[in-house]
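I opened the file to look up the fold and a few backbone details. My notes follow in the order I took them.

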Amino acid sequence: MATSANSFAELRPPVRLLLGPGPSNVHPRVMKAMLSPMLGHLDPEFVAVMEDIKKLLRLVFRTSNEVTFPVSGTGSAGMECVMANLIEDGDEVVVGVNGAFGGRLAEVADRLGAKVHKVEAPWGRIIEPDQIAQALAKIEKPKLVAIVHSETSTGIHQPLEEISTMTHRSGALMVVDAVTSLACVPLEIDAWGIDACYSCTQKGLSAPPGLSPVTFSPRAIDMVRKRKSKCRSWYLDVGLITQYWGAERVYHHTAPITMNYAIYEALRIVNDEGLEARFKRHLANASALVAGLSAIGIRAAAQEGHRLPQLTAVTIPDGIDDVKVRERLLRIFNIEIGAGLGPFKGKLWRIGLMGEGSRRENVMMVLAALEEILGSMGLELAGGRALAAAGKAYESMGLGAGEPR
């Protein structure tokens with residue numbers, strides 16, 4: 001039976017405040033950039049944009065790595081790209097697993113034929129450097145150590161420098177998942193000796209999902225060139241992709257033009273604000289959020305001293321229905337927050353303040369909404385307690401009520 005074209009409604013998605021683990025709200029300047037005229041993927045004007053994207057990515061990654069570009073695909077494609085290019089059958093790799101995305105790293109490595117040595121910690125705790133040292137001591141020739149810098153499933157901020165030092169001492173490469181890190185917290189590719197790293201566009205950069213920035217050190221690229229076998233993925237083969245993103249401009253695939261416009265403008269916004277100012281903003285807003293939540297009995301779930309400012313994982317109060325709260329937030333207030341994953345399902349919420357979303361007004365909106373909803377569900381709350389606590393937190397940081405961010 002034929003379907004009438006008139007039976008399909010015009011696309012009109014609601015305007016949401018996205019305060020979950022990603023995507024974050026897209027910056028208006030990025031949306032405007034995406035309306036720019038389409039060009040061919042080998043047009044000299046687009047090639048010039050590609051060159052500027054690489055330069056901007058080096059600034060944000062804080063690296064001089066020549067091989068730094070956005071993979072055409074989401075953050076998971078960046079993960080596959082890094083691991084597929086560095087791993088060959090039988091390689092021994094160490095993977096830190098303390099959440100869902102460390103587990104994904106281990107799964108990817110296993111599928112690529114590696115012998116995976118998992119170094120595990122409870123969800124909500126960091127991987128201790130001594131654990132990595134013990135794992136490396138048992139392996140004669142480790143290929144790489146892979147670890148998640150900002151574990152999106154738990155809100156853990158993983159220290160990297162000491163682990164990177166011991167990784168290099170063992171002769172292995174240091175691989176980092178920075179999907180939730182980039183442009184939110186300090187990430188020093190060169191200073192910390194990170195050999196390969198990947199991220200995404202839809203979190204700290206506040207662009208739509210669809211690209212995954214990656215960077216490879218000269219040491220990592222040298223290992224790629226010395227492979228005994230071809231990269232198992234043709235599409236993600238760095239040796240082929242760099243011929244397109246490099247001086248040769250050899251056709252590899254049709255780059256998503258509009259998404260590259262988006263990342264270009266998103267990176268310009270980061271550069272305009274400055275990384276240090278951006279880190280300070282994320283930390284200030286997270287501190288106020290935690291203060292407000294604590295005032296109504298909602299506690300941070302991640303290990304103290306290692307909590308992400310861009311993603312706060314909090315424990316759901318006893319007797320409160322996780323799904324009902326998130327449903328009311330969405331239906332009444334148009335606010336999205338994230339549910340718990342794995343062992344944390346139904347036990348915690350993940351509240352994201354990333355990039356464009358890390359704003360004072362967003363902190364106050366989600367606190368007010370949660371206070372109203374939880375009060376209606378029977379929690380005894382003095383009205384406005386969360387907002388008052390957040391306001392005091394801003395004051396203690398020297399940020400008055402008129403501060404816009």
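I began with burial: 55% of the 405 residues of the protein chain count as buried. The model is predicted, and I read every entry below with that in mind.

Overall build. I found 13 helices and 14 strands in the protein chain. The radius of gyration is 22 Å, close to the 22 Å that the globule rule gives for 405 residues, so I put the chain down as being as compact as a globular protein of that length. Taken along the principal axes, the C-alpha atoms fill a box of roughly 65 × 60 × 55 Å. Among contacts with a separation of 6 or more, I noted that 73% come from residues 24 or more positions apart.

Sheet. I traced an open sheet of seven strands, in the order β2-β10-β9-β8-β5-β3-β4, with mixed pairing. Which strands stand at the edges? They are β2 (67–72) and β4 (115–120); each has a single partner strand, so one side of each is left without a neighbour in the sheet. On average, neighbouring strands here are turned by 20 degrees against each other, direction ignored.

Strands β5 (residues 142–148) and β8 (residues 173–177) run parallel and are joined by five bridges. In this pair, A146 stands opposite V175 of β8.

Helices on the sheet. Helix α3 (residues 75–86) packs on the sheet and touches β2, β5, β8, β9 (196–198) and β10 (211–216). I read an angle of about 160 degrees between the direction of α3 and that of β9. Helix α6 (residues 161–169) also packs on the sheet, touching β5 and β8. The direction of α6 makes about 145 degrees with that of β8.

Helix α13. This helix covers residues 385–396, which is 12 residues. From first C-alpha to last, α13 reaches 17 Å, close to the 16 Å expected at 1.5 Å a residue. I listed its buried residues as A386, A389, A390, G391, A393 and Y394. An α-helix has 3.6 residues a turn, so residues three or four places apart point the same way. What do the buried residues of α13 pack against? I found α10 (275–295) and α12 (360–376). Just after α13, G398 takes a positive phi of about 80 degrees.

G378 sits in the loop between α12 and α13. Is G378 buried or exposed? Its relative accessibility is 57%, and the cut-off for exposed is over 50%, so G378 counts as exposed. I also took the C-alpha separation of G378 and G319, which is 9.0 Å for residues 59 apart along the chain.

I noted a cis peptide bond from G22 to P23, with omega near 5 degrees. P23 is in the loop between β1 (17–18) and α1 (28–33).

A183 is not a glycine, yet has a positive phi of about 70 degrees. A183 lies in the loop between β8 and β9, and at 3% relative accessibility it counts as buried.

S206, another residue other than glycine, has a positive phi near 55 degrees. I placed S206 in the loop between β9 and β10. At 2% relative accessibility, S206 counts as buried.

Methods. Residues numbered from 1 in each chain as written. Predicted model: local features only at pLDDT ≥ 70, side-chain atom pairs only at ≥ 80, totals over all residues. Heavy atoms only, no water. Helix = DSSP H or I, 4+ residues; strand = E, 2+ residues; numbered from the N terminus. Expected span 1.5 Å × (residues − 1). Buried < 20%, exposed > 50% of the residue type's maximum accessible area, 1.4 Å probe, protein only. Contact = heavy atoms within 4.5 Å. Pairing = 2+ DSSP bridges. Axes fitted to C-alpha atoms, helices over the stretch in contact; angles between N-to-C directions. Rg over C-alpha atoms; globule rule 2.2 N^0.38 Å.
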